[in-house]
Amino acid sequence: MSKSIAIVGGGPGGLTLARVLRLHGVDAVVYEREPSRAARGQGGMLDLHVDSGQRALREAGLEAEFHAIARREGQDMRLLDHTGALLLQEDTPDDAPLARPEVDRADLRDVLLDSLPEDAVVWGRAFRNATPRPEGGHTLHFADGSTAVCDLLVGADGANSRVRPLVTDARPFHYGVNYVEMAIPDIDRAHPELATVVGRGTYWVMGPGQSLSAQRNGDGRVRLYLGFHTPADWFATCGVPFDDPARARPALAELFAGWAPDVTALIRACDDTVIQRPLTMLPVGLTWPATPGVTLIGDAAHLMPPVGEGVNMAMLDALELALALAADPGDPAAAVARHEKEMFERTAPVAEMCLRITEMMTAPDGAQAMLRFFTGR
Ligand SMILES: Cc1cc2nc3c(=O)[nH]c(=O)nc-3n(C[C@H](O)[C@H](O)[C@H](O)COP(=O)(O)OP(=O)(O)OC[C@H]3O[C@@H](n4cnc5c(N)ncnc54)[C@H](O)[C@@H]3O)c2cc1C
């Protein structure tokens with residue numbers, strides 16, 4: 001007899017898992033803390049790789065939908081040093097393969113949600129904790145006081161997972177990088193000269209101790225990530241008035257004084273989006289002992305520095321777990337054991353690589369190191 005499956009978190013990992021399970025005749029319910037699918041902007045772009053994120057969508061029967069949202073030209077890249085010297089420019093030909101196309105996070109979520117029946121996702125359920133049931137499985141407790149029961153609980157609830165403590169004491173730690181996210185809406189109309197600077201994909205400027213990356217989104221917006229190689233308390237100590245965007249913009253631009261003028265012009269052209277993003281990661285190679293009735297996927301399991309692998313690993317975790325569960329729906333423990341072994345072995349080297357790339361980016365000669373990395377690919 002099939003066992004009931006609860007997935008906490010309706011991000012790319014949780015929704016891919018629900019979709020692939022349904023495709024194989026296994027029902028699962030996703031509990032998502034956001035109140036509705038329209039509740040929150042989903043943020044920026046994600047590049048989906050052929051053997052991981054794209055494979056998960058293919059095996060989820062969503063290849064045509066993927067092609068409809070994939071932005072081939074989003075693969076374009078410009079790498080500069082802080083003086084404005086162009087170190088590398090990669091322009092994507094119109095017939096280039098879709099190796100790492102960018103998709104809008106919101107488009108990806110819509111594709112996955114549209115592939116599920118309405119009742120597969122229960123909105124407005126912020127998971128708090130779970131208590132084991134004497135007959136097996138767990139009772140889930142949500143912030144609104146409601147409860148649900150399941151035989152298998154899958155934590156797909158991201159970086160600050162509340163399911164994670166059921167299997168491990170490990171916590172994400174700050175690794176000395178802070179991002180400030182900003183945005184320039186409708187750049188082609190509002191700032192055509194800056195639109196030309198950024199181009200169709202990612203514009204990346206790296207200098208000592210900090211960086212700026214600007215990325216064109218599908219909706220005509222350019223999203224900026226200002227990166228600072230600073231400790232966890234930097235947001236409180238740096239003197240930037242983050243709660244007042246009109247004053248934060250010039251203060252942030254001032255931190256890039258002496259850099260190429262395009263860099264400060266981009267910061268000054270931003271709207272009132274100023275989001276503080278301290279970056280954290282889980283220990284590389286984290287594992288946990290098999291825990292009856294619970295497992296994790298995605299950032300909940302292996303949060304890594306954001307250099308283009310996180311969503312791909314989350315979706316591949318989802319695919320592998322769904323296939324394991326579908327192969328043996330009556331024995332989720334065996335499926336979970338297979339999934340965890342495969343996930344631990346696959347993601348540890350990827351997390352290690354992400355950490356190495358981050359160390360390269362934050363080294364004093366980060367721009368040159370990244371140039372060597374890209375040209376050596
Ligand atoms: C600035 C930045 C840029 C990035 N860029 C890239 C990139 O270019 N490429 C890439 O591959 N990765 C990128 N990543 C990483 C990527 O976003 C994550 O790896 C990916 O989203 C993980 O998917 P997930 O489904 O595991 O978790 P998430 O996407 O975090 O989804 C978790 C879901 O769970 C929900 N949730 C959380 N807590 C609860 C709760 N208590 N109860 C119920 N629901 C809950 C959340 O609302 C969310 O919907 C980036 C990350 C950051 C921070």
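So, let's start with aspartate 299: its relative accessibility is 28%, so it counts as partly exposed (that is the range between buried, under 20% relative accessible area, and exposed, over 50%, using a 1.4 Å probe and protein chains only). Before I go on, what you see is a predicted model, where local features need pLDDT of at least 70 and side-chain atom pairs count only at pLDDT 80 or more, while totals for chains, interfaces and linings use all residues. Residues are numbered from 1 along each chain as its sequence is written, and side-chain values use heavy atoms, with hydrogens and water left out.

Back to aspartate 299. It sits in helix H10, residues 299–302; helices here (H or I, at least four residues) and strands (E, at least two) are DSSP runs, numbered from the N terminus. What does aspartate 299 touch, leaving aside its neighbours within four places in sequence? Gly158, Ala159, Arg164, Leu282 and Gly310, where contact means heavy atoms within 4.5 Å.

Why pick that residue? Because UniProt, in an unreviewed entry, lists Asp47, Arg105 and Asp299 under "binding site"; UniProt positions are in the numbering used here, feature names are shortened, and annotations may be inferred rather than shown by experiment. Arginine 105 lies in helix H4, residues 105–114, and at 32% relative accessibility it counts as partly exposed too. The unreviewed UniProt entry also places a "domain: FAD-binding" feature at residues 5–168 and 294–327. Over residues 294–327, the chain is 65% helix and 9% strand, with the end C-alpha atoms 18 Å apart.

Now the sheet. Five strands form an open sheet in the order E7-E2-E1-E11-E17, with parallel pairing. At the edges are strand E7 (121–122) and strand E17 (294–296), each pairing on one side only. For pairing, DSSP has to find at least two bridges between two strands; strand E11 (residues 152–155) and E17 have 3, in the parallel sense. Across that pair, valine 154 stands opposite threonine 295 in E17.

On to the empty spaces. Rolling a probe the size of a water molecule over the atoms shows where space is left. The work is done on a 1 Å grid over the protein atoms alone: a cavity is a set of points where a 1.4 Å probe fits but cannot get out, a pocket is an open set with protein on both sides within 12 Å along at least five of seven lines, and lining residues have an atom within 4 Å of a point. Points are joined across faces, edges and corners, and a volume is the space filled by probe spheres set on them.

How many cavities of 30 Å³ or more are there? The structure holds 2. The largest has about 90 Å³ of space and 15 lining residues, with Gly285, Leu286, Ala301, His302 and Thr347 nearest its centre. H10 and helix H12 (332–361) each supply at least two lining residues, and H12 gives the largest share, 5. By class, that lining is 12 nonpolar, 3 polar and no charged; Ala, Val, Leu, Ile, Met, Phe, Trp, Tyr, Cys and Pro count as nonpolar, Asp, Glu, Lys and Arg as charged, and the others, Gly among them, as polar.

The second largest cavity, about 30 Å³, has 2 nonpolar, 3 polar and 4 charged residues in its lining, including Asp76, Arg78 and Arg200.

Last, the second largest pocket: about 330 Å³, with H12 giving the most to its lining, 5 residues.
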